[in-house]
Amino acid sequence: EMQNNLAHQHSLYLRQHANNPVHWQPWSEETLALAKEQDKPLIISIGYSSCHWCHVMEKEVFEHNDAAQLMNENFICIKVDREEMPHIDHLYMDAVQMISGSGGWPLNVFALSDGTPFYGGTYFPKQQWSSLVERLSLTYRTKRKLIEETAIEIRDKLIHAEKML
């Protein structure tokens with residue numbers, strides 16, 4: 001049985017989310033292996049301790065049992081402190097800017113179990129977030145090929161953009 005795994009993390013930002021009903025995991029090889037094993041996509045939520053909208057989204061969304069249940073049932077949920085892992089933040093920020101045209105924090109990314117992003121955005125109000133989580137988990141279950149193709153397309157564009165720099 002999964003549970004929230006942030007209580008003993010070094011990062012203040014991660015510890016701030018330790019009491020959420022979301023089964024947050026830290027970014028690690030073990031967490032990615034778990035997602036593969038359970039055949040679940042990822043929600044990767046990136047922020048930092050002094051980020052205003054990160055706290056707003058936590059209060060409005062991640063502290064609520066109904067939103068947490070949707071997330072826990074359909075995804076492996078990962079919390080990342082951008083100050084602790086700037087390389088992870090940079091990768092997903094580029095992806096979200098490509099997907100949505102803008103970036104910022106909290107950065108919320110939906111990804112395959114190997115970490116390849118297929119959708120993402122920044123701050124979402126609760127209703128919008130819940131319907132997005134539901135819609136993407138349904139699409140993942142019923143049209144996985146579409147999700148995988150989208151992820152590959154985003155990955156290829158990111159690789160191309162890196163080469164252009």
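In the predicted model, strand E2 (42-47) pairs with strand E4 (residues 107-111) in the antiparallel sense over 5 bridges, where pairing requires that DSSP finds at least two bridges between two strands; helices (H or I, at least four residues) and strands (E, at least two) are DSSP runs numbered from the N terminus. Within this pair, Val109 in E4 is the bridge partner of Ile44. The two strands belong to an open sheet of 5 strands with mixed pairing, ordered E1-E3-E2-E4-E5, in which strand E1 (25-26) and strand E5 (117-121) are the edge strands, each pairing on one side only.

Helix H5 (residues 86-100) packs on the sheet, touching E2, E3, E4 and E5, and its direction makes about 80 degrees with that of E5, whereas H6 lies across E2, E4 and E5 and runs at about 15 degrees to E4. Axes are lines fitted to C-alpha atoms, for helices over the stretch in contact, with angles from 0 to 180 degrees between N-to-C directions.

Ile43, in strand E2, is buried, with a relative accessible area of 0% (buried, under 20%; exposed, over 50%; partly exposed, in between; 1.4 Å probe, protein chains only). Beyond its neighbours within four places in sequence, Ile43 is in contact (heavy atoms within 4.5 Å) with residues including Met71, Val109, Trp129 and Val133. Met71 is also among the buried residues of helix H4 (residues 65-74), which pack against E2, H3, E3 and H6.

Residues are numbered from 1 along each chain as its sequence is written. Local features need pLDDT of at least 70, side-chain atom pairs count only at pLDDT 80 or more, and totals for chains, interfaces and linings use all residues, while side-chain values use heavy atoms, with hydrogens and water left out.
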